[in-house]
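Here is a short briefing for a first look. Keep the sequence and the 3D view open while you read.

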Amino acid sequence: MHELSIATTLVNSLLDFMQEEAAQNKLVEVHVTVGKLRAISIEQLVYSYRILTKGTLLNGSKLIVDENPATLHCSNCDFKDKFELVDDSFHFQLPTLSCPSCGASLNIEGGDELVISRVRMHGHPGRNAATRQFSI
Amino acid sequence: MTDQIDVITSEEGETFDIELEADLLKANREIASENHRRMKEYEIVAIDVMGSVGSGKTSLIKSLISSLKRRYRIAVIEGDVTTTIDADLIAIEGVPAIQVNTGKECHLDANLIRKALNHMKLNELDLIFIENVGNLICPAEFPLGSDKRLVVISVTEGPYMVVKHPLMFHNADAVAINKADLAAAMEVNPAKLEQDIAMINPRASIVTTSCRNGLGIRDVANALGLDS
């Protein structure tokens, strides 16, 4: 259910962003990076985006979600491994968080991102397009 | 015939990419830190209480209040979709309660807590319980600025609540396995739930509780760093 509020923040941020763009420029695609451990349903996020952008400047633009992996790290023996799903029967399931090498408890690193990483525009790139800073 | 021919008109302009690094959760996180700073100014400890609808969050907060109110000046922020039922229940304990209704949202966010803090006499408080909206998924994504996160589950929710909602437990400081007095009737083994939680989050303090007979209430307070 919180996908709608996240999509609302996303759309509002992009509309703010578009205010600084030349009027004839159109946003075609937005890439959002979502960490694997975020409890976010990508399908619902995309669906909410489509509804919220209807009738706005962003109408017809496409939301593309890239998933970012998480890493397991043992602070005791420096063991590192990719975070893997234990079971796909639920949304996701966390693995046993003890180190297979030394038994200490494992830390999860990364996988909690929720970031607009890139927008694809159509129109005329401004001089500073590639380096433009944008904050929410 | 002409209407069957696709006409491609040349468009002005070109397609180009702009790299961004705009964190969608940053705004909430910043307000959460601001809430935290503000409560620290008054040396207030804040506890975020999360759990499913009907897990016993309000009852547990009530029990904690009666065992802590001699030592702490307490207030409660009650988050719900609608109604003031929970705030009214808390008010019976004789401590200030503020109801925050989210309307349609399934979680509290830092901005709602900021608004609630504006309505509270912070200089007259030591401890704030924030009861989140009943939900084991969404509140995990939205920090509020609290010091500790307490998750309440109950044996009446069945044996799979922990494995189905790992993220909520991953970030918890303490977990109460509530309604222990009903465990036998529900044929749910609290020790198994405890095992599931320890597997996901070995750092969390786990306490078996019953608000009916007072089991574990003091232990929850201790697990949260409070003196009962």
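Into which domains is chain A divided? The answer is domain 1 (1-69 + 111-127) and domain 2 (70-110), with bounds from an automatic or database domain assignment. This is a predicted model, where local features need pLDDT of at least 70, side-chain atom pairs count only at pLDDT 80 or more, and totals for chains, interfaces and linings use all residues. Residues are numbered from 1 along each chain as its sequence is written, while chains are lettered from A and ligands numbered from 1 in the order in which they are written.

**Chain A domains**
- The contact takes 8 residues from domain 1 of chain A and 7 residues from domain 2 of chain A; residues are in contact if their C-beta atoms, placed from the backbone, lie within 7 Å.

**Chain B overall**
- Chain B has 9 helices and 8 strands; these are DSSP runs, with helices (H or I) of at least four residues and strands (E) of at least two, numbered from the N terminus.
- The C-alpha trace of chain B spans about 85 × 45 × 35 Å along its principal axes.
- Of contacts in chain B between residues at least 6 apart in sequence, 72% join residues at least 24 apart.

**The sheet in chain B**
- An open sheet of 7 strands runs in the order β4-β3-β5-β2-β6-β7-β8 (chain B), with parallel pairing; strands pair if DSSP finds at least two bridges between them.
- β4 (97-101) and β8 (205-208) of chain B stand at the edges with a single partner strand each, so one side of each lacks a neighbour in the sheet.
- Strand β7 (residues 174-178) of chain B pairs with β8(B) over 4 bridges in the parallel sense.
- B:Ala176 stands opposite B:Val207 in β8(B).

How values were computed: Two residues are in contact if their C-beta atoms, placed from the backbone, lie within 7 Å.
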